[in-house]
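Subject: Handover of a structure and notes on its features

Dear colleague,

Please find below the structure that I am handing over to you. My notes on what was found in it follow directly after it.

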Amino acid sequence: MTNDEMAELRRDVQHLKDRMEILDCIMHQSRGHDRHDLDLMTSVYTDEGVDEHGPVSKAGAEYGEYANAAHTSIFIDHLH
């Protein structure tokens, strides 16, 4: 394998790893929604993280309680 091929392979692997980390983050948040698990839902946000759903913006730490109350008031069941 040439140096160029090895560099390309490293870039490809890093790209795939980055995509998997993003997907894992999305799946954790979705699983937290479905289980109404505040810890899991908020674990995907950094300290400065904000969730924006249309006109509603919530700090990441506040989002779980807001989302659980909103889903419970409208839906009997939901699956993300």
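Of the 80 residues in the chain of this predicted model, 20% count as buried, where buried means under 20% relative accessible area, exposed means over 50%, and partly exposed lies in between (1.4 Å probe, protein chains only). The accessible surface of the chain amounts to about 6,400 Å², and carbon and sulfur atoms account for 53% of that surface. Accessible areas come from the Shrake-Rupley method with a 1.4 Å probe, and for residues only the protein chains shown count as cover.

Residues are numbered from 1 along each chain as its sequence is written, and side-chain values use heavy atoms, with hydrogens and water left out. As the model is predicted, local features need pLDDT of at least 70 and side-chain atom pairs count only at pLDDT 80 or more, whereas totals for chains, interfaces and linings use all residues.

Overall fold

The chain contains three helices and two strands, and their order along the sequence is α-α-β-β-α. Helices (H or I, at least four residues) and strands (E, at least two) are DSSP runs, numbered from the N terminus. The radius of gyration of the chain is 18 Å, well over the 12 Å that the globule rule gives for 80 residues, so the chain is more spread out than a compact globule. This radius is taken over C-alpha atoms, and the globule rule is 2.2 Å times the number of residues to the power 0.38. Along the principal axes, the C-alpha atoms fill a box of roughly 60 × 25 × 20 Å. Among contacts (heavy atoms within 4.5 Å) between residues at least 6 apart in sequence, 34% join residues at least 24 apart.

Helix 1 covers residues 3–35, and M20 is located in it. M20 is partly exposed, at a relative accessible area of 46%. Together with I22, L23, I26 and M27, M20 forms a nonpolar patch on the surface, with about 470 Å² of accessible area in total. Patches are made of residues with over 30% relative accessible area and no salt bridge; like charges are joined within 9 Å, and nonpolar side chains (Val, Leu, Ile, Met, Phe, Trp, Tyr) within 5 Å. A salt bridge is a side-chain nitrogen of Lys or Arg within 4 Å of a carboxyl oxygen of Asp or Glu.

R10 also belongs to helix 1 and counts as exposed, at 58% relative accessibility. From R10 to A61 there are 51 residues in sequence and 36 Å in space, C-alpha to C-alpha. Q14 is likewise in helix 1 and is partly exposed, with a relative accessible area of 39%. The C-alpha atoms of Q14 and D47 are separated by 26 Å, with the two residues 33 apart along the chain.

H36 is placed in the loop between helix 1 and helix 2 (38–42). Although H36 is not a glycine, it has a positive phi of about 55°. H36 counts as partly exposed, at 32% relative accessibility.

N68 lies in helix 3 and is buried, with a relative accessible area of 11%. Leaving aside residues up to four places away in sequence, N68 touches H36, L38 and M41.

A search of the whole structure finds two aromatic pairs. One of them is the tilted pair of Y63 and Y66, at 6.3 Å centre to centre and 50° between the planes. Rings of Phe, Tyr and Trp (its six-membered ring) pair if their centres lie within 6.5 Å; planes under 30 degrees apart count as stacked, over 60 as edge-to-face and the rest as tilted. Y63 and Y66 both sit in helix 3 (residues 60–74), three residues apart, about one turn of the helix. Y63 is buried, at a relative accessible area of 3%, whereas Y66 is partly exposed, at 31%. Ring pairs link Y45, Y63 and Y66 into a cluster.

Yours sincerely
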